[in-house]
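Hello,

Here is the structure for you to look over. My notes follow below it.

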Amino acid sequence: MPSPISLFELLMSSFTSDRLERITAQLHQAIITVITVSIPHRQTPIGVFENPLRSLPDILRSLTVWKSRPRSLTSWAYEWCSVICERCPDLEANYSGSRELLFLSLEVGFRHLDFRAKHEYIRLTHTEHHRRMVDVVFKHGTDEVIADFLHAWTQLGQHSCYQHPSLHTCASRLVDLQHLQPFSPRLRHLLISSIGSTKHKVRQIGNEISFDVLDGLRVCVEDICVEDFRVDEFRDNWADFLLSVIQSVDGTHFLSYPYWELMVELLASSTMSFRGTIYSPLVIGSLEDAREWHKLGCWIAIVWAIWGPDGAANLEPATLSLFHNQPGTFQKLERWIEALQRRGWNIEQFQSLCEQRNLNVAGPDTP
Amino acid sequence: MEYDADYVKKYDEDLNTTLIFVRRPTLLFVLAADPLTSQAGLFSAVSSAFVLDVQSKLQPDPNEQSAALLRAILLTLNQSAIPGESPTVPPIQENTPSGITTTSCLMYASLLVSLLAAFIAMLGKQWLNRYLRNTGGSMIERCGDRQRKLEGLERWPFHSFVESLPMMLQLALLLLACGLCRQTIYINTSVASVLITLTALGVLFYLSIVIAGASSYACPFQTPVSTALRNSWKEIRPRITPVVLPILRIILRLPLKLAFWRRFQRSHPPNPGEDIPTPWFSALYSRWWNLRWKIQSRICATFHHPLAITSTLRCRLCRPPLPTDSSIPEKFTPWLAPKDLAAFLRTNGSDVRCVSWILRNITDPEAVEAAVRLVGTIRWFEDQAAIEPPYDEIFSAFEGCFDSTKEVYPGLEDRAYYSLRAILWIHALANCRSREFARKFHLPIISKVTLGQGGLSHLLNACYKSTNGYYNSTNSHYNSINSRYSDLFETLYTTPRETNHIHMRSVSNLILHLAWAKQSDLQVPCIGYPDSAGGYGDWDTIPVDATLNYFLVWCILLDSPVEEEVLRIQDKSYAVSYFSLRVTHVIVH
């Protein structure tokens, strides 16, 4: 049986929810006004009062420990960020803690949200002033502040990326976060989401991203193929991203092997054709030279699926070379190819190559 | 409660006196016409005897009719039996003599008036029983119910009903006396003259004591009529004096005016053809001009603006009305329904009267404690006609919780807590009006010895810090008051972990009002319990109302205007929650 206090609180909360919403709205308006009209001092008949801005950090700090914040507070906090960015010069003149205010606003708005909940939609009003956050957050923010920021912008990217500049405007910042390692689960998840949400900038990130960051992220299929209505887009973006990384200058050598397997798995579940992607023949050569047969096995499966022997001239010799040098990879490669075929990839020529390989392995006397 | 017992006893005795005066015998007489069943009773015994006597005379007397017929028969048989009379049949008396009819009317009217008085007396006893009946519930609910009944008795003319009973009996007596006089006139004029004289003397005596009682409250010969006359005169006098006095003055001066006019006419005979103005018209015309000039100058001296005229008239002619749906501008209450505010004002006013009355009249410890609890949730000083809070009584209740060593008596911790909370609350509300006004409600001087554990220690600590700064200062400059309030504020908002929800609500409420009083050096209250790291945690365990209060404090500190109506409702939501908590307790257990 519930205690009378809890019953009472339940009853009271249902009665006061509307009032909570309204009083919180008044607080929001008060904060906006204080930030907008930043007066150094105010004179009253009682005496000279300090700048109310000085009270604001304490208030925001108190709000950050409120776990069950209303959802509207998130959109309001995002609005505060815009006003803070807009009024930054005035704030710095009257009150030097504008950066602190910005970070606290982000914390109030996004720190408490469940970063795994993809279905929660909070309407955020994005303005041009929000762009100024990028420099401040990535330059001076802690990992949690960056996570707050990424949470806000991935939230934006889900619904309004075509109307407002979103994560791709800060693509260059995402590639250089190795100093934040080890990543917190929240930041790791949000970075993975951010990379998957950067749309057409994903190849730029793939070319520029630090391999330390990728190693720190330790991305697996479960991180990408989450239950989300935009899982296909997200997965294709990641596949595109990994393809860019692999074909980048140092990707062949520095990209960890799990990412190669991840690429194959993403490809096996992807519906994207990748036909327009430029094939780089240097990858196979580099892998053969470095004798990285596992990576080569993954890459050959990928090349068979995307380009085939018609698009990649050195594919068949490389495949035969792999079979010859690393016979153990054959079965794994065959399994991948089958998985790719099941998803609709046309890899008939690989079958004939396998038959040819079987003949070579068994010899002419083998029935 | 003892007051109610005295109150009911007083009326009950009046009603019993009335019932004894006109007890059952009168009623039984009417129904059974058997005076032998009558019991002792002054009026019943007297009236029943006379009414019975008169009743028999309403119909023709058969014995007289028989005697007349026998006389006619005798004269027919022997015409010389009675010389000088002829043997004629006497006419049958159809109409009752007018004297008997008038006597009967007067006596029956007397009887019915006394019966009506008995009927009302019986009803009055039933009403008193209902007043004493408890509806159950907690002490506070019973007090509220009792206060509602008491206000109902005052609002509805219960007192007038009870006071009208003796007047009805006096009227019945007068009617009986008049009936007796009329009857004796019919029977014997000599006896009648004696009766009429004595009745007139009695009436004159009664009128004289009524006038004497009405003229002075100190006069011992008070009657209900004199009290009613005196009260009516108080009400009517200021209204009729400006009208009646000039008229009386005109009437009194008219003979002088007429005399002057006649003398003037005699000394100045009119020229031939000249119209002679009538003296009435002239006097009235000059009087009217004088009156008009006086009214005009009075209005100009009193009012300076048309709006001031209406507002002053409203204040003088009627009590300030409660805000209604239409009178509350919506801009002041952006999210509060005006109905809520009007209902709040009614409830708050009722609570103010109830608590003030209980603390000033009742000594029952349980009732006092319940009232003291309620004090900390009431919006005092709401309007100009509001009752002053019973601050001295609460102060005494608080001081009575401590022994000579300033330690709380065992078992009185709750009482000490609630009384100190009430003191702080009243002080804060007074401070919201003005600092000078707040000086009337000074805080108790607390010594460190009394500081204990729990919510009480929290309040004591706050009070100790604040009064230390205030009373140690040699001058009463407001800077010292500022420091006092900042200390109070700072200590209060760090709510200790061991306190309960009710305490957190009340403290947040107090802080809200201190903030609303525009203190100059208030700090931002951080919500939650202070933890070991110096921060604040467990924010979500704070009640919703306390959270909203802190939000409003923040709004105030950020210079956002918070309307007083919002504060009122916030207070009351806390008070409502307090009562709801008690109700929930009852339901669950």
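**What was found**

In chain A, 78% of the contacts with a separation of 6 or more are between residues 24 or more positions apart. A contact means that two C-beta atoms, placed from the backbone, lie within 7 Å.

First, the ground rules. This is a predicted model, in which local features need pLDDT of at least 70, side-chain atom pairs count only at pLDDT 80 or more, and totals for chains, interfaces and linings use all residues. Residues are numbered from 1 along each chain as its sequence is written, while chains are lettered from A and ligands numbered from 1 in the order in which they are written.

**Chain A**

Chain A has 21 helices and two strands. These are DSSP runs, numbered from the N terminus: helices are H or I with at least four residues, strands are E with at least two. Of its 367 residues, 39% count as buried. Buried means 20 or more other C-beta atoms within 10 Å of the residue's own; exposed means 12 or fewer; partly exposed is in between; C-beta atoms are placed from the backbone.

The average pLDDT of chain A is 77, and 78% of the residues score at least 70. pLDDT is the predictor's confidence in each residue, from 0 to 100.

**Chain B**

Chain B also holds 21 helices and two strands. Of its 589 residues, 29% count as buried. Among its contacts between residues at least 6 apart in sequence, 60% join residues at least 24 apart.

Chain B averages a pLDDT of 71, with 66% of the residues at 70 or above. Confidence is lowest in helix H11 (residues 306-317) of chain B, at a mean of 39, and highest in helix H8 (residues 189-215) of chain B, at 90. Two stretches need care. Residues 24-40 of chain B stay under 50, with 29 contacts beyond four places in sequence. Residues 302-338 of chain B are also below 50, with 32 contacts beyond near neighbours in sequence. Where pLDDT is low, the predicted coordinates should not be read in detail.

**Two helix pairs in chain B**

Helices H19 (residues 501-516) and H20 (residues 544-557) of chain B have axes that come within 8 Å and cross at roughly 15°. Therefore H19(B) is roughly parallel to H20(B) (angles under 35 degrees count as roughly parallel, over 145 as roughly antiparallel, 65 to 115 as roughly perpendicular, the rest as oblique). Contact residues include B:Leu512 and B:Trp516 of H19(B) and B:Tyr550 and B:Val553 of H20(B). The contact divides into eleven nonpolar, three polar and two charged residues.

Helices H13 (residues 365-375) and H15 (residues 413-433) of chain B also come within 8 Å, with axes crossing at roughly 40°. That makes H13(B) oblique to H15(B).

**One residue to look at**

B:Arg353 lies in helix H12 (residues 338-361) of chain B. Is B:Arg353 buried or partly exposed? B:Arg353 counts as partly exposed, because it has 15 C-beta neighbours inside 10 Å. Leaving aside neighbours within four places in sequence, B:Arg353 is in contact with B:Gln147 and B:Ile387.

Last, the complex as a whole: the predictor gives an ipTM of 0.74 and a pTM of 0.58.

Best wishes

Key
Axes fitted to C-alpha atoms, helices over the stretch in contact; angles between N-to-C directions. Nonpolar A, V, L, I, M, F, W, Y, C, P; charged D, E, K, R; others polar.
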